[in-house]
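Welcome to my notebook. Here is what I looked up, entry by entry.

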Amino acid sequence: MRFMVMIRADKSTEAGVMPSEKLLTDMGQYNEELVKAGVMLAGEGLQPSSKGARVKFSGDKRTVIDGPFIETKELIAGYWLFQVKSKEEAIEWVKRCPNPLEGESEIEIRQVFEAEDFGDEFTPELRQSEERMRAQIAGRQ
């Protein structure tokens, strides 16, 4: 099972405040543990929303909204992609994480859809197309 593990942003991350050397060291050690255990598939910190944009869809219309975005509790400061056996295992790994922000912080864990989750609507042709795309992506890494 794959899980997206997301660190919620706060005023400091949105202001572009960089983590301390201690936090970078602690996070580096945590990430090494994840990699050695075969859990971490990917992970990155994200720039503040002031450097981002959103694209709003309404039928055929597309509207671009430049950051910054007001509601920090809805923003993500960083993420990991975990490969684990269960949500409980993902939770246990997250509980071992150093506190990613000064003071209080929150990390959200969401399961990633797998091909079998889509049922019959995900036809053999669609599955083959998805597999080809994933092989192309893997070939670039």
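I took strands (E, at least two residues) and helices (H or I, at least four) as DSSP runs, numbered from the N terminus. The model is predicted, so I kept local features to pLDDT of at least 70 and side-chain atom pairs to pLDDT 80 or more, while totals for chains, interfaces and linings use all residues. Residues are numbered from 1 along each chain as its sequence is written, and side-chain values use heavy atoms, without hydrogens and water.

Entry on β4. I found Val64 in strand β4, residues 61-66. I called residues buried under 20% relative accessible area, exposed over 50% and partly exposed in between (1.4 Å probe, protein chains only). Val64 has 57% relative accessibility, so I noted this residue as exposed. Of the six residues of β4, zero are buried, so the strand lies largely in the open.

Entry on the pairing. I counted strands as paired if DSSP finds at least two bridges between them. Strand β3 (residues 53-58) runs antiparallel to β4, with six bridges. I looked up Phe57 and found Arg62 as its bridge partner in β4. Two residues sit between the strands of this hairpin, where Gly59 has a positive phi near 60°.

Entry on Asp10. I located Asp10 in the loop between β1 (2-8) and α1 (11-14). Which atom lies 3.0 Å from a polar atom of the Asp10 side chain? I found the backbone nitrogen of Ser12 there.

Methods
A polar contact is a pair of N or O atoms within 3.5 Å; within protein, one must be able to donate a hydrogen and the other to accept it, and residues adjacent in sequence count only if both atoms are side-chain atoms.
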